[in-house]
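Try each task before reading its solution.

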Amino acid sequence: MTQPLHTENLLNRPLELPCGAIIKNRLMKSAMSDSLADGEGNPTQAQSRLYERWAEGGIGLSVVGEVQIDALFLENPGNLVLSEQSDIKELQALTSRAAINNAHIWPQLGHAGGLAYQPLSKPKGPSALCIGDFECEGMSEQDIALLPHQFAKSAAIAKQAGFTGVQIHAGHGFLLSQFLSPLFNHRTDLYGGSVENRSRIIIEVIAEVRSTVGGTFPIGIKINCSDQLEGGLTQEDALEVISLLNTTSIDLIEISGGSYFPGAKSSSDSASNGPYFIDFSVKAKGLTNIPLVVTGGFKKREQVIDALSINAADSIGLGRTLILRPDLPNEWLEGEGVTFDFPKFKSPPQGGVTAWYTMLLTAISHDNEKEFNLELLPAIQSYENRDKARITKWQAKYQM
Ligand SMILES: Cc1cc2nc3c(=O)[nH]c(=O)nc-3n(C[C@H](O)[C@H](O)[C@H](O)COP(=O)(O)O)c2cc1C
């Protein structure tokens with residue numbers, strides 16, 4: 001008779017990916033745009049320290065949020081960019097610190113598409129759109145044809161710079177997620193219409209990245225289980241996407257949900273009790289043998305253990321908990337059930353809570369989070385002002 005696994009073993013078990021790489025435990029630091037690059041797409045000391053903190057804290061895999069494949073379609077000017085203009089030495093300085101204690105460190109390769117940072121970009125999504133305050137141009141067939149090559153080029157730079165894998169960003173309303181979403185994608189060619197057509201660019205990107213980085217380098221992807229937007233990607237569609245991903249060489253599928261589209265719900269702003277996406281993840285597990293990560297709303301060790309025990313996922317993604325407690329994995333892995341709540345804010349503006357957490361990330365990167373006492377509105381203001389101050393630097397670097 002097989003003995004039930006001890007709960008510590010559930011968290012500590014290494015995870016072997018299809019490419020053969022091993023992640024030392026079942027806890028992943030989900031991508032969180034830290035806005036700590038130097039305003040020219042390269043890392044800073046503070047940013048390296050942030051990822052070192054998480055590696056010291058015992059995380060198995062850490063993903064750097066919003067690392068851009070194209071400086072013209074950034075999420076914000078604190079993003080990293082992986083292009084010919086990247087400073088490989090600075091990137092290596094980041095990856096070597098972020099990978100201590102045998103932690104994996106992957107960049108989340110992204111393109112903000114229709115949600116690109118307006119002061120520096122002319123947003124462009126799968127289709128030209130104008131909904132309320134939101135406006136973007138539509139991509140041409142030539143624009144789309146370039147994408148697999150751009151993702152692959154950035155992945156090759158990531159590998160050269162010492163990242164131990166890459167994650168393709170197809171979640172939360174940015175470009176590849178816009179392709180999946182019928183709300184953004186009104187195309188009538190091979191890239192629009194059925195779920196298969198809306199997924200086509202993602203499948204092409206995975207194939208080109210794989211042929212560039214080789215068979216043993218991990219490639220992950222993040223997708224939404226739903227956009228939580230009327231007319232957006234539904235759970236039924238997302239399950240079909242999972243089945244399609246199952247036919248690719250992807251190594252790790254991360255499931256989250258919500259969107260940063262104006263007026264939409266994002267999980268990182270959510271105050272409701274989690275975990276949020278377990279039911280979907282259980283269904284997705286039935287459709288694929290590729291390792292799955294579920295992210296959203298995990299605050300307690302018991303929630304993580306429960307999700308792993310029912311085989312809802314192979315690993316658990318954590319966002320805000322790892323900002324509030326960067327060393328939480330060590331404690332949970334040792335069996336301590338430290339619990340706390342997400343802070344509650346009264347009527348926060350959209351994106352405000354996420355901005356507050358980003359400013360707390362800055363404090364962690366300077367090892368002074370204990371002194372962090374910014375209220376919501378001043379935090380939002382500091383966040384926005386810091387980005388504004390970077391605009392001319394970004395323009396000069398990328399000759400805009
Ligand atoms: C400050 C902050 C920044 C985030 N930036 C990103 C990002 O760059 N890419 C991404 O895919 N998700 C991003 N997210 C979403 C998280 O990865 C995660 O999916 C979401 O916060 C739900 O997980 P949680 O409940 O554990 O925080 C961000 C979340 C926060 C709090």
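**Exercise 1.** Find what share of the contacts with a separation of 6 or more joins residues 24 or more positions apart.

*Solution.* In this predicted model, such pairs account for 73% of the contacts with a separation of 6 or more. One example of a pair to look at is Y260 and W106: they are 154 residues apart in sequence, and their C-alpha atoms are 22 Å apart in space. A contact needs C-beta atoms within 7 Å.

**Exercise 2.** Decide whether Y260 is buried or exposed, and list its contacts.

*Solution.* Start with the location: Y260 sits in the loop between strand 12 (252-256) and helix 8 (278-285). Next, count neighbours: the cut-off for buried is 20 or more other C-beta atoms within 10 Å. Y260 has 21 inside 10 Å, so it counts as buried. Finally, leaving aside neighbours within four places in sequence, Y260 contacts L115, H172, G173 and S266.

**Exercise 3.** Describe the shell around the ligand by residue and by class.

*Solution.* The ligand is surrounded by 26 residues, the closest being S30, S33, G65, S268 and G319. Elements giving two or more residues include strand 3 (27-32) and helix 12 (352-365). Sorted by class, the shell holds five nonpolar, 18 polar and three charged residues.

Note on methods. Residues numbered from 1 in each chain as written. Predicted model: local features only at pLDDT ≥ 70, side-chain atom pairs only at ≥ 80, totals over all residues. Helix = DSSP H or I, 4+ residues; strand = E, 2+ residues; numbered from the N terminus. Buried ≥ 20, exposed ≤ 12 C-beta atoms within 10 Å, placed from the backbone. Contact = placed C-beta atoms within 7 Å. Near = placed C-beta within 6 Å. Nonpolar A, V, L, I, M, F, W, Y, C, P; charged D, E, K, R; others polar.
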